[in-house]
Amino acid sequence: MAEGGPDAISLRAIARDMQMSGSAIYSCFDTRDALITELINDVYTALVDHVEAARDALRTDDTAGRILAWATALRDWSLANPQGFRLIYGDPVPGYQTPEGGPAPEAAKRACLGLTGLAAAAWPYAQTTQGGDHAWEDFAPELVDTIRRDNPALPPAGLALALRLWGHGLVALEVYGHLGPRSLRPDELYHAEIRDLIRSLRLPASPGDSTLSTQLAD
């Protein structure tokens, strides 16, 4: 996958590289789809581990800093693992049949709850500027059920904010090579976008020692 992208995943090629017979590898994975599902789960879990660690390195009351840390970690991981990003967020692997419930339900749930947790922490301040005409019917029912169970006080506009905090659009442009020819400093462009979003939330400066949070609140 690292050499040829998600489209290059092949049980026969893997067996050849591992000096196994074509039939022997099927004792590990019944089908190519089973292998891809396991790979997506591993890659997605690694990404969520990375962004959660960056977020949790800051105080829980430093909401601005934690949002920026999550966003920065997402971009850093994606640029270091471009084929992994493509596997999770890019076009489906040709011929791959997604299992019921998705290929990485636990990792996807962790990512979702991590983002909505950040949105919920910001909401007491952000609700004055992030209202919008949103309703629960605007979102997938299974997503709504998860969010309302874990963040019952968060309104539909809060869920919309969580999806905005996801913010991987510029990252996707960069990973796929569309941003580079147009921006010589894509890192500055990305961080300016995230900082503008955070400033719009009207978050207070952290009572801790995060100079990053203080700068964002100014």
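Which helices each supply at least two residues of the lining of the largest pocket? I found helix 2 (32-56), helix 4 (82-89), helix 5 (105-126), helix 6 (141-150) and helix 7 (156-166). Helices here are DSSP runs of H or I, at least four residues, numbered from the N terminus.

Ground rules. The model is predicted, so I kept to its limits: local features need pLDDT of at least 70, side-chain atom pairs count only at pLDDT 80 or more, and totals for chains, interfaces and linings use all residues. Residues are numbered from 1 along each chain as its sequence is written, and side-chain values use heavy atoms, without hydrogens and water.

Largest pocket. I noted a volume of about 660 Å³. A pocket is an open set of points on a 1 Å grid over the protein atoms alone, where a 1.4 Å probe fits, with protein on both sides within 12 Å along at least five of seven lines; lining residues have an atom within 4 Å of a point. The volume is the space filled by probe spheres set on the points, which are joined across faces, edges and corners. The lining has 25 residues, with Y44, A108, K109, C112 and W166 nearest the centre. Helix 5 gives the most, seven residues.

Helix pair. I checked helix 3 (residues 63-80) against helix 4: their axes come within 5 Å and cross at roughly 110 degrees. Axes are lines fitted to C-alpha atoms over the stretch in contact, with angles from 0 to 180 degrees between N-to-C directions. The two helices are therefore roughly perpendicular (65 to 115 degrees). W77, S78, L79 and A80 in helix 3 meet P82, G84, F85 and I88 in helix 4 (heavy atoms within 4.5 Å).

Note on methods: Parallel < 35°, antiparallel > 145°, perpendicular 65-115°, else oblique.
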